Amino acid sequence: VAEVVEGALGRPCAIAWPWDVGLCAGGAMSHLCRIAVEMDPDQEVAYVSLRLALARLWHAQRATRAAGETPASALFTRDHWREMLLARALHTFDTRLSALTAAHATEHDDARLALEQDWRRRVATPQRVVVVGCDSACVRGLETQLAPDGALLVRQAPHAAPQRYTQDDVVQLWGVGWDAAQPAICPAG
């Protein structure tokens, strides 16, 4: 989604840890897409839902035109831009999924490495977070950084050891939200 929107608007997109997509503008981020992943281990499937903020996309492209800039693509000049945006995002998702499930181990490893590098390049972590467990327990803390394996490190007290929350934890057991309106900084590049 970040790749497709960035290509359409010509403006940088970030991923708010772990999967929400936002548009970077003026050092802040405006949410464009909320992604939820649900696992069903009994059926061995994962359900992915995309909630796109289409009005924000439309207003972002209008602001780009008002500033005298030309969007990177002509997507928004078409009547069916919403359907085309979704189709492009799903096509990109399908292409990446095909690469990740390639029969050859080297193709699979290369695709996974490329995907992780792109994710790390785009990721913006919130500074203050709330982690909610499946038992409704809440943990509030300050995000310290991302670990080399992509886990979010959250410190509850200034000198306490940080707790690790992996992407798998978020999918299976946890929900992570921001204890502030938005992350303050978008990633460089």
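**Pocket, cores and salt bridges**

Helix H4 hands over eight residues to the lining of the largest pocket, the largest share from any element. Helices and strands here are DSSP runs numbered from the N terminus (H or I, at least four residues, for a helix; E, at least two, for a strand). The model is a predicted one, so local features need pLDDT of at least 70 and side-chain atom pairs count only at pLDDT 80 or more, while totals for chains, interfaces and linings use all residues. Residues are numbered from 1 along each chain as its sequence is written, and side-chain values rest on heavy atoms, with hydrogens and water left out.

Back to the pocket. A pocket is an open set of points on a 1 Å grid over the protein atoms alone, with protein on both sides within 12 Å along at least five of seven lines; a cavity, by contrast, is a set of points where a 1.4 Å probe fits but cannot get out. Lining residues have an atom within 4 Å of a point. The volume of the largest pocket comes to about 1,500 Å³, taken as the space filled by probe spheres set on the points, with grid points joined across faces, edges and corners. Its lining runs to 38 residues, and Trp 19, Phe 93, Leu 100, Leu 115 and Gln 167 lie nearest the centre. At least two lining residues come from each of helix H1 (2-9), strand E3 (28-40), strand E4 (45-52), helix H3 (81-100), helix H4 (105-122) and helix H5 (167-172). By residue type, the lining splits into 22 nonpolar, seven polar and nine charged; Ala, Val, Leu, Ile, Met, Phe, Trp, Tyr, Cys and Pro count as nonpolar, Asp, Glu, Lys and Arg as charged, and the others, Gly among them, as polar.

As for the chain as a whole, its secondary structure amounts to five helices and ten strands. Of the 189 residues, 34% are buried, where buried means under 20% relative accessible area, exposed over 50%, and partly exposed in between (1.4 Å probe, protein chains only). Contact means heavy atoms within 4.5 Å. Among contacts with a separation of 6 or more, 47% join residues 24 or more positions apart.

In soluble globular proteins, nonpolar side chains tend to be buried together. A nonpolar core is a set of buried Ala, Val, Leu, Ile, Met, Phe, Trp, Tyr and Cys residues joined through side-chain atoms within 4.5 Å. The largest such core has 28 residues, and Val 5, Leu 9, Cys 13, Leu 57 and Phe 76 have the most contacts inside it. Two or more of its residues come from each of H1, strand E1 (13-16), strand E2 (20-25), E3, helix H2 (54-66), H3, strand E6 (128-132) and strand E8 (152-155).

Now for the charged pairs. A salt bridge puts a side-chain nitrogen of Lys or Arg within 4 Å of a carboxyl oxygen of Asp or Glu, and by this rule there are seven. In one of them, Glu 3 pairs with Arg 96, with the closest N and O atoms 2.4 Å apart. Because Glu 3 sits in helix H1 and Arg 96 in helix H3, the pair ties together parts that are 93 residues apart in sequence. Glu 3 is partly exposed at 36% relative accessibility, as is Arg 96 at 30%.

Asp 20 and Arg 34 form another salt bridge, with the closest N and O atoms 2.8 Å apart. This pair links distant parts of the chain, strand E2 for Asp 20 and strand E3 for Arg 34, 14 residues apart. Asp 20 is buried at 12% relative accessible area, whereas Arg 34 is partly exposed at 41%.

Within helix H4, Arg 121 and Asp 118 sit three residues apart, about one turn of the helix. They form a salt bridge with the closest N and O atoms 2.9 Å apart. Arg 121 is partly exposed at 36% and Asp 118 is buried at 17%. Salt bridges also link Glu 3, Glu 6, Arg 96, Asp 118, Arg 121 and Arg 122 into a network.

Arg 120 is in helix H4 too, and is partly exposed at 32% relative accessibility. Neighbours within four places in sequence aside, Arg 120 is in contact with Ala 147, Pro 148, Asp 149 and Gly 150.
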